[in-house]
Amino acid sequence: MTQVTRARSGLTNKQRHILWTGIRMLLTLPFVALIMIPLLYTFMMSVLPADELYTRFWPSHFDFSSYMLVFTKTMIPRQILNSFIVASSVTILQMITCSMAAFSFSFLHFKGRNFVFMCILATMMVPWEATIISNYLTVSAWKWLNTYHVLILPYACSAMGIFLMRQHYLTFAKELHEAARLDGCSNWRFLATIVVPLSRPALGALGAYIFLQQWNNYLWPLLVTNSDSVRTVQIGVASMYDVDSEQINLMMSAVIVCLVPSLSIFIFMQKNLINGLMAGAVKG
Amino acid sequence: MSIAKAKASSPPRLKRDTRTFYERIEPWLFLLPALLVFGVFLYFPFFKTGYLSAYLTDRVGNPVKFIGFKNYTDFLTGTHSKTFWNSMWVTVRFVFFVAAGGLVMGIITSLLTEKAFPGNALASAIFAMPIAIASSAASMSFKMILHPSIGLLNKILGTSINWLNDINYTFGVICILAIWLATGINFIFISAGFRNVPADLYESASIDGANAWHKFRYITLPCISPTLFFQIIIDVINAFQTFNIVKILTLGGPMESTNTIVYSIYLDAFRNYRFGMASARSIILFLIIMIITLIQFRAEGRSVHYQ
């Protein structure tokens with residue numbers, strides 16, 4: 001079969017391989033462009049000198065002055081700080097609560113364990129719309145609006161995190177736990193000094209995933225905050241269009257500035273993050 | 001009598017009795033923070049939403065008068081039915097196009113990066129990248145690209161279309177942005193599905209003289225169909241819950257052509273302060289998503305036998 005093909009096309013296997021690689025690269029290019037163009041365009045618009053906005057795509061010179069303005073004349077720096085505070089607090093809290101709950105579900109035995117676990121998994125089915133109205137009414141009755149804790153506490157635990165960590169803990173040998181118990185090690189110490197250090201990759205993936213999710217969170221911060229002192233950066237960026245419709249450079253610089261942290265995490269954690277997502281996807 | 005005796009002296013019960021009070025509650029202590037968060041911010045509000053949906057509420061969301069299913073009948077058949085069924089129709093079309101488009105993008109990008117070539121790793125990273133991009137930031141970029149006078153798209157096409165306020169285009173534009181954002185997750189899961197196809201199947205097919213199309217049709221497709229099915233469900237659920245891009249780009253317009261059910265819930269609750277009505281719509285949405293998830297669980301059970 002291959003001999004026939006080769007005779008017909010007059011190409012050796014190596015030449016065919018090179019040809020196909022070339023075709024593959026050529027076909028990949030437009031799709032790479034499709035993803036990259038909006039981002040590159042945003043960057044270009046942020047460095048385009050103001051008088052060239054209407055005429056050019058590629059700036060005659062790169063004008064970074066709007067980045068200076070973003071950091072000195074807008075609320076974006078404060079909002080970035082707020083986003084960092086909220087996203088890191090949520091990340092740390094979830095790592096703790098999810099590790100503890102997952103430990104209980106995978107190492108300890110108690111009545112109703114499977115039932116409670118199913119109740120937690122079932123929450124994955126509940127869309128955010130079904131809880132957000134009541135949550136909003138609750139936190140505003142508690143006078144929690146415009147605080148950090150209203151942004152942090154509702155996300156202090158997640159079914160996805162518990163599931164992910166439990167999947168990981170189930171790969172541990174039961175003997176490890178038994179041996180530690182016989183040596184008089186309490187469950188708390190066993191979790192803190194043996195299980196957690198051994199789960200660093202899984203915890204890292206979970207952490208990166210939670211941080212990204214929180215950094216990009218939009219609706220809840222929009223509902224429960226209206227003062228710039230606690231507003232997060234996504235709200236700030238999205239509201240710039242209304243305020244500064246003339247200042248396109250400024251707006252596009254702000255978009256780039258708020259993309260840098262999440263894209264950095266993606267680039268540094270890419271492999272870990274993708275593996276973590278895959279493990280979580282085993283049961284959605 | 002003898003059975004009761006045997007039961008009473010069975011080892012498990014003896015063992016349980018030897019545990020101290022602390023040992024018995026310890027598992028619950030580990031669960032306490034999680035259960036507290038879920039209780040306060042998930043289970044309680046979920047049931048409260050169901051409760052509110054049967055009430056007429058005041059402007060701050062207090063239930064005022066029990067009205068049974070009137071909130072439901074109001075939008076299913078009554079005064080608000082036109083908006084509701086329009087938003088359902090918009091949502092169904094949106095979900096269809098976004099799930100189909102995301103899937104196609106995922107399959108194409110996965111196929112392109114399946115075999116090694118120079119730049120493969122970079123292309124893979126770029127295809128996965130949208131998972132890290134905030135939908136609000138992406139919406140702002142697209143707002144610029146679609147700007148009627150200075151946007152990139154109009155410059156390239158030489159037109160001056162108001163993409164975000166023209167009933168012929170706005171819906172399509174929103175779908176394209178949603179597909180762009182969904183490409184990352186589709187690429188990650190579908191390309192993993194391709195990688196998991198056993199390589200020896202391809203080898204033995206080559207020996208049997210199968211061509212590229214036969215290999216794709218009879219090996220690749222059956223092996224990745226569970227992955228694809230799973231991914232469709234994820235895409236459908238995500239598309240059902242899309243909110244940010246509608247809020248930032250179109251506000252449901254023009255003429256309600258992008259007024260998805262999620263956005264109409266937001267309007268009802270947080271603009272018109274009809275919390276009871278909004279709760280009722282949320283319950284309907286929950287039922288839809290629950291049915292889809294149950295279908296997924298059932299199908300997953302089947303796909304295990306499949307492999």
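This is a predicted model: local features need pLDDT of at least 70, side-chain atom pairs count only at pLDDT 80 or more; totals for chains, interfaces and linings use all residues.
**Entry 1: chain A overall**

I began with the contacts inside chain A. Of those with a separation of 6 or more, 77% join residues 24 or more positions apart.

Next I looked up the secondary structure. Chain A comes to 14 helices and zero strands. Along the sequence I read the pattern α-α-α-α-α-α-α-α-α-α-α-α-α-α. I then asked how spread out the chain is. The radius of gyration of chain A is 25 Å, well over the 19 Å that the globule rule gives for 284 residues, so chain A is more spread out than a compact globule.

The C-alpha trace of chain A spans about 70 × 70 × 35 Å along its principal axes. For burial, I noted that 40% of the 284 residues in chain A are buried.

**Entry 2: domains of chain A**

I checked the domain assignment. For chain A it gives domain 1 as 2-63 and domain 2 as 67-281. How far apart do the C-alpha centres of the two domains lie? I found 36 Å between them.

The two domains do touch. Domain 1 of chain A puts seven residues into the contact, and domain 2 of chain A puts in six residues. I sorted the domain 1 side by class. Five of its residues are nonpolar and two are polar, with no charged residues.

**Entry 3: where the chains meet**

I turned to the interface. Here 70 residues of chain B are in contact with 69 residues of chain A. Several helices of chain B each supply at least two residues to that side, among them H5, H6 (120-128), H7 (135-145) and H9 (170-195). H12 (244-250), H13 (261-270) and H14 (275-306) of chain B are also on that list.

Which helix gives the most to the side of chain B that touches chain A? I found H3(B), with 15 residues. By class, I recorded 50 nonpolar, 16 polar and four charged residues on this side of chain B.

**Entry 4: H2(A) against H5(B)**

The crossing of H2(A) past H5(B) is left-handed.

I listed the residues that make the contact. H2(A) brings Arg24(A), Leu27(A), Thr28(A) and Phe31(A). H5(B) brings Ile108(B), Thr109(B) and Leu112(B). An α-helix has 3.6 residues a turn, so residues three or four places apart point the same way. By class, this contact has four nonpolar, two polar and one charged residues.

**Entry 5: Trp215(A)**

I located Trp215(A) in helix H11 of chain A, residues 200-215. Is Trp215(A) buried or exposed? It counts as buried because it has 25 C-beta neighbours inside 10 Å, and the cut-off for buried is 20 or more.

I then looked at what Trp215(A) touches, leaving out residues up to four places away in sequence. In chain A these are Ser83(A), Ala87(A), Pro261(A) and Ser262(A). From chain B, Ala134(B) is touched too. I also took one separation: Trp215(A) and Val70(A) are 145 residues apart in sequence and 19 Å apart in space, C-alpha to C-alpha.

I went back to H13(B). This helix is mostly covered, with eight of its 10 residues buried. The buried residues include Ile261(B), Val262(B), Tyr263(B) and Ser264(B). Ile265(B), Tyr266(B), Asp268(B) and Ala269(B) are buried as well.

The loop between H12 and H13 of chain B holds Met255(B). Glu256(B) is found in that loop too. I looked up phi for both. Phi of Met255(B) is near 50°, a positive value in a residue other than glycine. For Glu256(B), phi is near 60°, again positive in a residue other than glycine.

Met255(B) counts as exposed, because it has 11 C-beta neighbours inside 10 Å. Glu256(B) is partly exposed, with 17 other C-beta atoms within 10 Å.

**Entry 6: Phe172(A)**

My last stop was Phe172(A). I found this residue in the loop between H8 (159-169) and H9 (174-182) of chain A. Phe172(A) is partly exposed, with 15 other C-beta atoms within 10 Å. Phe172(A) and Val195(A) are 23 residues apart in sequence and 8.6 Å apart in space, C-alpha to C-alpha.

Conventions:
Residues are numbered from 1 along each chain as its sequence is written. Chains are lettered from A and ligands numbered from 1 in the order in which they are written. A crossing is left-handed if the near helix is turned anticlockwise from the far one by less than a right angle, and right-handed if clockwise. Helices (H or I, at least four residues) and strands (E, at least two) are DSSP runs, numbered from the N terminus. Ala, Val, Leu, Ile, Met, Phe, Trp, Tyr, Cys and Pro count as nonpolar, Asp, Glu, Lys and Arg as charged, and the others, Gly among them, as polar. Domain bounds come from an automatic or database domain assignment. A residue is buried if 20 or more other C-beta atoms lie within 10 Å of its own, exposed if 12 or fewer, and partly exposed in between; C-beta atoms are placed from the backbone. The radius of gyration is taken over C-alpha atoms; the globule rule is 2.2 Å times the number of residues to the power 0.38.
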